[in-house]
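The paragraphs that follow walk through one protein chain, starting from a single residue and widening the view step by step. Please keep the sequence and the structure at hand while reading.

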Amino acid sequence: MTANRRFRNVVRIGPVQVGTSYDGQGREKHTAACTAPRCGFSSDYDSRAAAELAARTHRCPVC
């Protein structure tokens, strides 16, 4: 099942984009996703700080 999310407060840190959205239960979630082709890194976090830390420390194997 795909998740249709409306992201707000999107910021780009290197090749990774961090955005904030609400999940199905109405809780705020933060997603970090790498935009490099063939990388595939994407993860959800409960706090914005954790998502931004993941974006800063992500080492893309493709780049």
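In this predicted model, serine 21 counts as buried, because its relative accessibility is 1% and the limit for burial is under 20%. Serine 21 is found in strand E2, and, when residues up to four places away in sequence are not counted, it touches Arg5, Arg6, Phe7, Arg27, Glu28 and Lys29.

Along its principal axes, the C-alpha trace spans about 35 × 25 × 15 Å. Buried residues make up 32% of the 63 residues, and, among contacts between residues at least 6 apart in sequence, 25% join residues at least 24 apart.

On to the next pair: E3 and E4 run antiparallel and are joined by 4 bridges. Strand E3 is largely enclosed by the rest of the structure, because 5 of its 7 residues are buried.

Serine 43 lies in strand E4, which covers residues 42–45, and serine 43 is the bridge partner of alanine 32. Leaving aside neighbours within four places in sequence, serine 43 is in contact with His30, Thr31 and Ala32. Is serine 43 buried, partly exposed or exposed? Serine 43 is partly exposed, because its relative accessible area is 24%, and the partly exposed class lies between under 20% for buried and over 50% for exposed. The C-alpha atoms of serine 43 and alanine 55, which are 12 residues apart along the chain, are separated by 9.9 Å.

Helix H1 consists of residues 48–57, and its buried residues are Arg48, Ala51, Ala54 and Ala55. These residues lie on the same side of H1, because they cover an arc of only 130 degrees around the axis. The face of H1 turned away from that buried side carries the exposed residues Ala49, Leu53, Arg56 and Thr57. Against what do the buried residues of H1 pack? They pack against strand E1 (8–13), strand E2 (16–22), strand E3 (28–34) and E4. For alanine 55 in particular, leaving aside neighbours within four places in sequence, the contacts are Ile13, Val16 and Val18.

The largest nonpolar core has 10 residues, namely Ile13, Val16, Val18, Ala32, Cys34, Ala36, Cys39, Ala51, Ala55 and Cys60. E2, E3 and H1 each supply at least two residues of this core.

A disulfide is a covalent bond between the sulfur atoms of two cysteines. How many disulfides does the count come to? The count comes to 0 disulfides. Cysteine 34 is in no disulfide, and the nearest cysteine sulfur, that of cysteine 39, is 3.6 Å away. The sulfur of cysteine 60 is 3.4 Å from the closest cysteine sulfur, in cysteine 39, which is too far for a bond, because a disulfide requires sulfur atoms within 2.5 Å. Cysteine 34 counts as buried at 12% relative accessibility, and cysteine 60 is buried with a relative accessible area of 14%.

Two further residues deserve attention for their backbone angles. Most residues other than glycine have a negative phi. Asparagine 9, in strand E1, has a positive phi near 55 degrees, and asparagine 9 is exposed, with a relative accessible area of 53%. Arginine 38, in the loop between E3 and E4, has a positive phi near 65 degrees, and arginine 38 is exposed, with a relative accessible area of 74%.

Definitions and conventions. Residues are numbered from 1 along each chain as its sequence is written. This is a predicted model: local features need pLDDT of at least 70, side-chain atom pairs count only at pLDDT 80 or more; totals for chains, interfaces and linings use all residues. Side-chain values use heavy atoms; hydrogens and water are left out. Buried means under 20% relative accessible area, exposed over 50%, partly exposed in between (1.4 Å probe, protein chains only). Contact means heavy atoms within 4.5 Å. The arc is that of the directions from the helix axis to the C-beta atoms. A nonpolar core is a set of buried Ala, Val, Leu, Ile, Met, Phe, Trp, Tyr and Cys residues joined through side-chain atoms within 4.5 Å. Two strands pair if DSSP finds at least two bridges between them.
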